Amino acid sequence: MSLRHLLIILTAIGLLPMALLGVWSIHAASQYQLREQERSMLDLARALSSAADAELDASVAMLNSTARAPSLRAGDIEGFYDVARGLAEAQPEWLGLILTDNAGNVLFNTIAGRDAAPPKVVDPDSLRRVLATRQPVVGRILRGAKGRAAFPVRIPVIDDDGELYTLTAVIRPDRIVQMIQRQSMPEGSVISIIDADGKLVARSRNQDGTVGGPPSASLMQLIGSAKAENVGSAATLEGETVVSAYTT
């Protein structure tokens with residue numbers, strides 16, 4: 001072997017540790033950036049979850065305040081109707097208020113009006129839960145008889161005679177969409193709020209065309225990973241492959 005070849009080999013052997021160190025440094029930096037991206041996305045998902053909780057808590061607090069009306073406490077359903085209708089009209093995102101008895105029968109529905117026959121209960125499962133648990137319950141996103149998407153927020157109410165009622169606010173998803181729009185979101189991101197039934201309540205892209213429908217199958221597969229929160233690869237409804245973070 002010539003001296004020139006020996007020098008080349010010795011030089012290569014000397015540079016090999018530096019090359020390996022460089023490759024390791026690049027890999028470590030990329031892994032650090034990936035972890036930071038995942039942490040940042042999870043932080044955003046948690047912040048959105050807290051904001052959604054705050055919106056729902058505000059609705060529950062408003063219902064609890066209304067339920068303390070003297071007319072309802074006294075069991076005066078006719079008198080309480082005017083109180084409920086006034087509250088529903090004052091909330092632009094509320095379609096109306098519904099009062100049901102301890103058997104789930106509708107006593108009035110401000111959407112239908114005072115003298116109209118109340119429509120049947122939409123999402124009866126959430127009504128049964130609030131009667132069984134006597135705790136506030138948020139129901140599923142559904143479309144009513146007129147095709148409008150909304151979800152119920154229900155609270156139990158007990159009058160002075162011990163009678164149990166359920167007071168329900170029927171809320172349009174616009175309130176949750178506005179909450180999403182108030183957040184500081186990375187450029188090009190897609191943010192969704194999904195109910196317990198796996199249906200889209202609010203989405204930062206194409207809200208009108210997606211509300212009440214399912215998210216992408218890959219996102220639902222990621223959410224179904226039996227973890228309360230996670231980060232992974234999924235596709236948007238538009239077919240874009242993205243890194244997705246969720247919290248439940």
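This is a predicted model: local features need pLDDT of at least 70, side-chain atom pairs count only at pLDDT 80 or more; totals for chains, interfaces and linings use all residues.
A residue counts as buried here when its relative accessible area is under 20%. The protein has 7 helices and 10 strands, and with a radius of gyration of 27 Å, well over the 18 Å that the globule rule gives for 248 residues, it is more spread out than a compact globule.

**Overall build**

- Taken along the principal axes, the C-alpha atoms fill a box of roughly 105 × 35 × 30 Å.
- Of the 248 residues in the protein, 35% are buried.
- Among contacts with a separation of 6 or more, 47% are between residues 24 or more positions apart.
- The accessible surface comes to about 14,200 Å², and carbon and sulfur atoms account for 56% of that area.

- Leu3, Leu6 and Leu7 make a nonpolar surface patch of about 310 Å².
- One of these residues, Leu6, sits in helix 1, which covers residues 3–67.
- Leu6 has a relative accessibility of 40%, so it counts as partly exposed.

**Aromatic rings**

- A search of the whole structure turns up 2 aromatic pairs.
- In one of them, the ring centres of Phe80 and Phe108 are 6.0 Å apart and the planes stand at 45 degrees, so this pair is tilted.
- Phe80 belongs to helix 3 (residues 77–90) and Phe108 to strand 2 (residues 106–109), so the pair ties together parts that are 28 residues apart in sequence.
- Phe80 and Phe108 are both buried.
- Tyr81 and Phe108 form an edge-to-face pair, with 5.2 Å from centre to centre and 85 degrees between the planes.
- This second pair also links distant parts of the chain, with Tyr81 in helix 3 and Phe108 in strand 2, 27 residues apart.
- Tyr81 is buried, as is Phe108.
- Together, Phe80, Tyr81 and Phe108 form one aromatic cluster.

- Gln91 is placed in the loop between helix 3 and strand 1 (94–100).
- With a relative accessible area of 14%, Gln91 is buried.
- Leaving aside residues up to four places away in sequence, Gln91 touches Met62 and Arg175.
- Arg175 also joins its side chain to that of Glu93 in a salt bridge, at 3.4 Å from N to O.
- That bridge links distant parts of the chain: Arg175 is in helix 5 (residues 174–181), while Glu93 is in the loop between helix 3 and strand 1, 82 residues apart.

**Other salt bridges**

- The count of salt bridges comes to 15.
- Arg128 and Asp125 meet through their side chains in a salt bridge of 2.3 Å, N to O.
- Arg128 and Asp125 are 3 residues apart in helix 4 (residues 124–133), so about one helical turn separates them.
- Arg128 is exposed at 52% relative accessible area, whereas Asp125 is partly exposed at 35%.
- The side chains of Arg205 and Glu240 form a salt bridge as well, at 3.2 Å from N to O.
- This pair links distant parts of the chain, 35 residues apart: Arg205 is in the loop between strand 8 (200–203) and helix 6 (207–210), and Glu240 is in the loop between strand 9 (229–235) and strand 10 (241–247).
- Arg205 is partly exposed, with a relative accessible area of 25%, and Glu240 is partly exposed at 36%.

Terms used. Residues are numbered from 1 along each chain as its sequence is written. Side-chain values use heavy atoms; hydrogens and water are left out. Patches are made of residues with over 30% relative accessible area and no salt bridge: like charges are joined within 9 Å, nonpolar side chains (Val, Leu, Ile, Met, Phe, Trp, Tyr) within 5 Å. Accessible areas come from the Shrake-Rupley method with a 1.4 Å probe; for residues, only the protein chains shown count as cover. A salt bridge is a side-chain nitrogen of Lys or Arg within 4 Å of a carboxyl oxygen of Asp or Glu. Helices (H or I, at least four residues) and strands (E, at least two) are DSSP runs, numbered from the N terminus. Buried means under 20% relative accessible area, exposed over 50%, partly exposed in between (1.4 Å probe, protein chains only). Rings of Phe, Tyr and Trp (its six-membered ring) pair if their centres lie within 6.5 Å; planes under 30 degrees apart count as stacked, over 60 as edge-to-face and the rest as tilted. Contact means heavy atoms within 4.5 Å. The radius of gyration is taken over C-alpha atoms; the globule rule is 2.2 Å times the number of residues to the power 0.38.
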